[in-house]
Amino acid sequence: MHMQSEQDKHGLVWWLRTILIGRNPRRTLIRIGVLVVAAFVLFKFVLLPPVRITGPSMSPTLREGSIHLVSRVAYLRHPPRRGDVVSIRLAGNSIMYMKRIVGEPGETVEFVNGRLLVNGKVLEEPYVKSPSRWNMPPETLGPDEYFVVGDNRAMHIDDHYLGVATRDRIVGKLLL
Amino acid sequence: MKIVVRLVLLLVLVGLGYWLYTFFFPGPERVIRQRLAKLAQAASIRPDQGLLSRGAAIQELAGYFDSEIEITVNWRGGSQHSLAGRDEIIETAKLAHARFKHLKIEFLDLNVTLAPDKQSAIVHLTAKVTSSDQSDFQVQELKFHLKKANGDWLIFRIETIRTLSHLLVDGALVARA
């Protein structure tokens, strides 16, 4: 009887059972429950579900097809800042734009021969790797507005979606 | 222990009853969501669709709209497209079927706002369009205006919403509204 039990203990079924539900099923169940609750809290309140980049407008900073994490809580203590790469929602969070904030509320933003001017001064943009000839007339932002643009300035300005995002559309900051 | 089991069973039964009730007697919001999902399906073009099936889909598509339908779409890049009436929708659908072998339309993140009398509604959503001639998909925020007529929810106006309030017209940026 004892011999049979030992054989069972080290048989394939025993190993499968151990891998799937562990040696102590009750403890495994509690672990699974804790993991589910933790994942729910993490992706409901702290992070957005992992986002996949589609389109070249943030190239080369964000490569097409790459997967990233976005923090929902980054702006709980302070408002969005220039240089932040942020997620901008459409009707919801299923599809979002990823853009960089270049203009903060109250500032005036313009493009002159590819150079970005904020309040009339050239903004150094080390993340822009390709020169452009973009021109855009000055745009003064309202109290709750941010000017956002992608890092890929090699694109024609007609093909690049840029503009003013209101604060309520910014759902999070790119973490990784 | 028995009481706990009975309570759990009771909760499960109540949940099941509620689900069955909403399944067989859906509220207006659910009806609108289902209708827009069917609209997206009817507006999509499958590569294996035959001529008859395409014709039926176009006719079905027209049935989702009020006879006074107005559609104004400002696409990214500044181009504006307007349609008025079911006939124009049918013509546009025919053109789309002639041009695209495959066109997938999806409506995502539907936010339904019902009027207090529940006879009209506004739906704010994201339209995702994937076509055979573009590797990337297109997205556009849309606002649908619907009204209830003879028991059916009909769309009488569709307009675009600019996510980033800036508009490019013929390569030149113009001031936003």
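A salt bridge here is a side-chain nitrogen of Lys or Arg within 4 Å of a carboxyl oxygen of Asp or Glu. By that rule, zero salt bridges are counted between domain 1 of chain A and domain 2 of chain A in this predicted model.

The two domains span residues 2-46 and 51-174 of chain A, respectively, and their centres, taken over C-alpha atoms, are separated by 45 Å. Four residues of domain 1 of chain A are in contact with four residues of domain 2 of chain A, and together the two domains bury about 300 Å², with 47% of that area on carbon and sulfur atoms. Of the area that domain 1 of chain A buries against domain 2 of chain A, 86% is supplied by A:F43, A:F45 and A:V46, more than by any other three residues. Three residue pairs are in polar contact between these domains, and the side of domain 1 of chain A that touches domain 2 of chain A consists, by class, of three nonpolar residues, no polar residues and one charged residue.

Turning to the two chains, 23 residues of chain B are in contact with 30 residues of chain A, and the area buried between them is about 2200 Å², of which carbon and sulfur atoms give 58%. Across this interface the rule finds one salt bridge, formed by B:E141 and A:R169 with their closest N and O atoms 2.8 Å apart, while eight residue pairs are in polar contact. On the side of chain B that touches chain A, β3 (103-114), β4 (120-131) and β5 (138-149) of chain B each supply at least two residues, and β4(B) gives the most, with four. The residues of that side divide into eight nonpolar, eight polar and seven charged.

Conventions: Residues are numbered from 1 along each chain as its sequence is written. Chains are lettered from A and ligands numbered from 1 in the order in which they are written. This is a predicted model: local features need pLDDT of at least 70, side-chain atom pairs count only at pLDDT 80 or more; totals for chains, interfaces and linings use all residues. Side-chain values use heavy atoms; hydrogens and water are left out. Domain bounds come from an automatic or database domain assignment. Contact means heavy atoms within 4.5 Å. Buried area is the accessible area (1.4 Å probe) that two parts lose on being put together, summed over both. A polar contact is a pair of N or O atoms within 3.5 Å; within protein, one must be able to donate a hydrogen and the other to accept it, and residues adjacent in sequence count only if both atoms are side-chain atoms. Ala, Val, Leu, Ile, Met, Phe, Trp, Tyr, Cys and Pro count as nonpolar, Asp, Glu, Lys and Arg as charged, and the others, Gly among them, as polar.
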